[in-house]
Number of protein chains: 2
Amino acid sequence: MDTLHHTTQALRLKDTHTRFVLEIEYCGAMFFGWQRQDGFQTVQASIEDALLQVIGNKNRDCLNNKRIIVHGSGRTDTGVHALKQIAHIEIPKTIDFDPDKIQYGLNYYLQDSGTCIVKIGIAPFDFHARFSAIKRAYRYTILNRRAPSVLLLERAWHVRHELDLEKMTDAANLLIGTHDFTSFRDTDCQAKSPIRTIESIDIIKTDDLIHIDLAAKSFLHHQVRIMIGTLQKIGSGRYPPSTIVNILDAKKRSAAGPTAPAFGLYFKNVIYPDSITPDILK
Amino acid sequence: MDTLHHTTQALRLKDTHTRFVLEIEYCGAMFFGWQRQDGFQTVQASIEDALLQVIGNKNRDCLNNKRIIVHGSGRTDTGVHALKQIAHIEIPKTIDFDPDKIQYGLNYYLQDSGTCIVKIGIAPFDFHARFSAIKRAYRYTILNRRAPSVLLLERAWHVRHELDLEKMTDAANLLIGTHDFTSFRDTDCQAKSPIRTIESIDIIKTDDLIHIDLAAKSFLHHQVRIMIGTLQKIGSGRYPPSTIVNILDAKKRSAAGPTAPAFGLYFKNVIYPDSITPDILK
């Protein structure tokens, strides 16, 4: 439905508007998540406000007094960071839009906000940051040592007791593939179907850091953090790796482990089909 | 002279005191450098204050009402980070000192201060954090891309124009070895001799980040940052790599490039002779 609506709208605006893609970085600690919400500092609202300063105010007529909406590839929760979030905007062709100048202007207004625009470029008109995505990648970082870290404060989950990577890897392998992930989604999750396909989970340890890289076309609400909270319990020896099978079968949130903290999670990348991938993302 | 004094003092305290080594991490942005200075938040003072809370106050008699002094391997300036700073302390044998409990207590008092104790362990009595060091390693990180980074704010030097790594490497190779580094030290530098021996400079690029790893027995005041500021000018094409020879020959500070910002610099490691390296550092 959404995709159909998107296609219809795209056809309608194609002759009058140009689509631009934004590559965005943000520090989750500075925001109440991605999505605009009245009264809260969010990433989407911050960038939309900066767009108002840089192009909105002086082009009110071309924009019919409407805000330029930033369409993200997906929402992230309060505290979750982004190394590479992707979004698109639609700009009327009547507006003089130089990507380099606009990027410079936006970053000027976003100074000290906790987000910045890493790249801006033209996108094909049938590119949609959210609906065109074929893969999303996240990284979760655990600091696994006795002592805390000041340089990784709010950048990693500090787990004091040693985690067993072999057990975590065995458990992760049972999550890969297509499953009903009811046990691994927040009870408030709005997605129609709890079925998702996890493409890969790779666990890499360097010194005291455990990086867990996950990829799927899309994830359910809190799915990555509940999977990580469960893998952490298994790595601690609390449950054997085979528990994953029972948790999946149970199809209830209470069967899985706790939701891991948001600040260890990084939105890492989005992949689109080659044919519509904007040049700046290649 | 200092070393002789150290040895004499060590012999005097050997029967009554135990030496402990601390591995310390800190975020330079939170401190006015390492060294205790009245009225300023420094790393040394913060850890000494925490020691007062954890063991000082309840052992006033054993300590003859004196503070426990934290002897660092070297000072760092305001803004400079430490991944692994090393220090030692001397504790009277009459005090019950359980390293694990003390570490936990110190990190409790140091919460949100910007520094933490990564490890504590016993050191041989002839180990001195500063005088025993045979090698110090620093890392300097440059973010080399148009856009700033919010996740690396105050963690890397942002250089917008592309740097030529080959030129920087050629120039770095001319700094390696034993030279009179008068041109590369702050005019306030107190060291008796401007002669130093740079053991290695390795330049590694990963994505948008350029890491420059440097090692020497010791460095002059601001030496690393002036070398980096000069390498950056050479990488920008402002001067050819061979300029390094002229700068060294000039033996005056104004011949070299600017001092690179402190917040890109990380104190990375200290190496001691095998025979006296404390177990926790092995």
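Buried means under 20% relative accessible area, exposed means over 50%, and partly exposed lies in between (1.4 Å probe, protein chains only). This is a predicted model, in which local features need pLDDT of at least 70 and side-chain atom pairs count only at pLDDT 80 or more, while totals for chains, interfaces and linings use all residues. Residues are numbered from 1 along each chain as its sequence is written, chains are lettered from A and ligands numbered from 1 in the order in which they are written, and side-chain values use heavy atoms, with hydrogens and water left out.

View 1. His88(B) belongs to strand E3 (residues 81–92) of chain B; helices (H or I, at least four residues) and strands (E, at least two) are DSSP runs, numbered from the N terminus. Because its relative accessibility is 0%, His88(B) counts as buried. A polar atom of the His88(B) side chain lies 3.0 Å from the backbone nitrogen of Ala129(B).

**View 2. A salt bridge between Glu25(A) and Arg145(B).** A salt bridge is a side-chain nitrogen of Lys or Arg within 4 Å of a carboxyl oxygen of Asp or Glu. Over all chains, a search of the whole structure finds 26 salt bridges. In one of them, the side chains of Glu25(A) and Arg145(B) meet at 2.8 Å, N to O. Glu25(A) lies in strand E1 (residues 17–26) of chain A and Arg145(B) in the loop between strand E5 (135–144) and strand E6 (157–159) of chain B, so the pair joins two chains. Glu25(A) and Arg145(B) are both buried.

View 3. The closest N and O atoms of the salt bridge between Asp49(A) and Arg67(A) are 2.7 Å apart. This pair links distant parts of the chain, 18 residues apart: Asp49(A) is in helix H2 (residues 43–56) of chain A, and Arg67(A) is in the loop between H2 and strand E2 (71–72) of chain A. Asp49(A) has a relative accessible area of 37% and is therefore partly exposed. Arg67(A), with 35%, is also partly exposed. A network of salt bridges links Arg36(A), Glu48(A), Asp49(A) and Arg67(A).

**View 4. A salt bridge between Lys135(B) and Glu199(B).** Lys135(B) and Glu199(B) form a salt bridge whose closest N and O atoms are 3.6 Å apart. Distant parts of the chain are linked by this pair, with Lys135(B) in strand E5 of chain B and Glu199(B) in strand E8 (residues 195–206) of chain B, 64 residues apart. Lys135(B) is partly exposed, with a relative accessible area of 28%. Glu199(B) is partly exposed too, at 41%.

**View 5. Tyr266(B) and Tyr26(B).** Tyr266(B) is part of strand E10 (residues 265–271) of chain B. Its relative accessible area is 10%, so Tyr266(B) is buried. Tyr266(B) and Tyr26(B) are 240 residues apart along the chain, and their C-alpha atoms are separated by 9.4 Å.

**View 6. Gln103(B) and Ile117(B).** Helix H3 (residues 99–110) of chain B contains Gln103(B). Gln103(B) is buried because its relative accessible area is 5%. A distance of 6.4 Å separates the C-alpha atoms of Gln103(B) and Ile117(B), which are 14 residues apart along the chain.

Key: A polar contact is a pair of N or O atoms within 3.5 Å; within protein, one must be able to donate a hydrogen and the other to accept it, and residues adjacent in sequence count only if both atoms are side-chain atoms.
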